[in-house]
Amino acid sequence: MHKLVPVFAALLILASTQGQAELQIQITEGVDKALPIAVVPFGWQGSGTGAPLDVASVVAADLARSGRFDPLDRKDMLQRPTTGTEVDFGDWRTQRTDVLIIGRVVQSGPDQFEIQFQVFDVLRGEQLLGYRQPATAADFRRSCHRVADLIYEELTGIRGVFSTRIAYVTVSRNQGQGQVTSNYRLVVADADGQNVRIMVESRQPIMSPAWSPDGRKIAYVSFEANRSEIYVQDLRSGSRKRVSARPGVNGAPAWSPDGQRLAVSLSRQDGNLDIYTLDLATQVLTRLTSGSAIDTEPTWSLDGQQIYFTSDAAGGPQVYRVAADGGSAKRVTFEGSYNARPRMAPDGKKLAVVHNDRGNYRIALVDLARSTTQVLSDGRLDESPSFAPNGEMLIYATREGTRGVLGTVSINGRIKTRIPDLDGDVREPAWSPFADD
Amino acid sequence: MTKFKTIAALLIVTLVTACSGPSKSTVDEGAGGATGTAGAAASGVGEGGTGAGGAMGGATGGSALGGPGASQENRIIYFGYDEFAVKPEYDVILQAHSKYLSANPAARVRLEGHADERGSREYNIGLGEKRAQSVRNVLLLQGAVSDQIATVSFGEERPAVIGSDDEAWSLNRRVEIVYAQ
């Protein structure tokens, strides 16, 4: 932040401060008052037809999607410099561009590239950041997202999430010979919805994907045996292990922060859903709740000492908290008749929940210290909120007509986007942690 | 509140068990009167004693109400929003199923609990399981043996009807009684 010009700095501070009505940015309704930037098409130094991907277009799309930046249209650019010496700041000032990003892709081997880029403060005419990001053809898109992450962090002071991933479940229904068959898929994609990989495919429901803290595994519920069972699947190898197939419901897996245990909801013989922890190495099961209420949807506190979960002990679903080694549960949510499926924010201070807002199911934030509830989404059947690992945004499931789609919303509720072009009826998004690989 | 619901369900079951004799015989005559929608299925059975519903589809006597030969509408129990207590209008159907199960010790049923699409998915798994357990408890109280009954919850994952209105939701909040082949 220290390198930014005063006007720019003030704008960013406003953007991150709640209660500033003049900064209403809704990507779904067009960008307003986002920071004007220009991402010039990158140059190419290498053999053959050019870089594997158009770096500038991926980076500009990422920055635009954050809602904080408004990239200049390419056709309006008066110049297209690819090196610092070619830049004429006067032209960019005339176009009211505050930040200029230029670069080039240099091929250093048959499948070795370097994305070199520079970020300039146009008003001051000085460089804010210069960086070389190595890449291969196979991970080129990911490398472009890393470039966007670095730029985002330089300009906002907040770590970018463009190179993270999302997992979600899709369903496609086929009608044939009077029979409707469904096809469920567990999918992993880049955070922008591109680069789709199908992890599991089944005729029976797949539910509740949950990333391990190291981002290498996903736990989920599968009905492939015509009943609920919990699996853990390795993303790289694709190999998987069934970790819970006890009688009754096996549901709602949530990884402990150290990745050693899963909190789960089991009904076992007595038919009551209760919260347990399952040690993945020893298979030791520890019961945390009991009684006739539906106890499900656990999520861990950052220190792994507490588990928040949904319970209908008071009639309707509300969020409760219990110590991870057992004890009595304490009610956490009190506002409204329906607060379910809590997810802990990366700062440990807030929960995202599904909240009944005058008959509509919406995503809300519960401030744990103040016990206040803030509704963020505006759909009728919104569900499954999941925090971006930098805590700035939530991804959630919403509807477009009868079809399930994914949306994002900033934690102040002002920036909303849709993840476009996903196939099928989409639900249950889960945002990956930061990955260092 | 939850405990209250459970007690209420038990009370209803007890009351119905107490007067099961006459209501069963009268409803048998009108069993076929139920039609395809949830509301009609419920009221059709409930009003069966009045003889308003005519016999349909060849369903006759006890076999139409309980057991593997029961018609589709006599194998589905519908529930209120966020509720898992079995409504009294299903007592007759469930008595017929219990009667079949206790008369046929080798018979096995699977109770598949479902929820409507509203709210969170794993909580809806919980609701579906509670609904299946409610139906199971009624069957056990009326003479079925626990070994005969398995339960599973699909939550909102396998809707009977695709749609986001009151009618679709009411048709999706259900327990399906499935006999093993």
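Predicted model: local features only at pLDDT ≥ 70, side-chain atom pairs only at ≥ 80, totals over all residues.
Residues are numbered from 1 along each chain as its sequence is written, and chains are lettered from A in the order in which they are written. Local features need pLDDT of at least 70, side-chain atom pairs count only at pLDDT 80 or more, and totals for chains, interfaces and linings use all residues.

**Helices in chain B**

Helices (H or I, at least four residues) and strands (E, at least two) are DSSP runs, numbered from the N terminus. Helix H5 (residues 91–103) of chain B packs against helix H6 (residues 121–141) of chain B. Their axes, lines fitted to C-alpha atoms over the stretch in contact, lie 8 Å apart at an angle of about 60 degrees. H5(B) and H6(B) are therefore oblique to each other. Angles under 35 degrees count as roughly parallel, over 145 as roughly antiparallel, 65 to 115 as roughly perpendicular and the rest as oblique.

Which residues of H5(B) meet H6(B)? They are B:Leu94, B:His97, B:Ser98 and B:Leu101. Facing them in H6(B) are B:Val135, B:Val138 and B:Leu139. This contact has five nonpolar, two polar and no charged residues. Ala, Val, Leu, Ile, Met, Phe, Trp, Tyr, Cys and Pro count as nonpolar, Asp, Glu, Lys and Arg as charged, and the others, Gly among them, as polar.

**Chain B against chain A**

Here 26 residues of chain B are in contact with 32 residues of chain A. Contact means C-beta atoms, placed from the backbone, within 7 Å. H6(B) gives the largest share of chain B's side, nine residues. By class, that side has seven nonpolar, nine polar and ten charged residues.

**Strands in chain A**

An open sheet of four strands runs in the order S22-S23-S24-S25 (chain A), with antiparallel pairing. Strands pair if DSSP finds at least two bridges between them. S22 (339–344) and S25 (372–375) of chain A stand at the edges with a single partner strand each, so one side of each is left without a neighbour in the sheet. The twist averages 30 degrees from one strand to the next.

| Pair | Bridges | One bridge |
|---|---|---|
| S22(A) and S23(A) | four bridges | A:Ala340 with A:Val354 |
| S18(A) and S19(A) | four bridges | A:Thr296 with A:Thr310 |

In strand S18 (residues 295–300) of chain A, six of six residues are buried. Buried means 20 or more other C-beta atoms within 10 Å of a residue's own. The hairpin of S18(A) and S19(A) has five residues between the strands. There, A:Gly304 takes a positive phi near 75 degrees.

Definitions and conventions
Axes fitted to C-alpha atoms, helices over the stretch in contact; angles between N-to-C directions. Contact = placed C-beta atoms within 7 Å. Buried ≥ 20, exposed ≤ 12 C-beta atoms within 10 Å, placed from the backbone.
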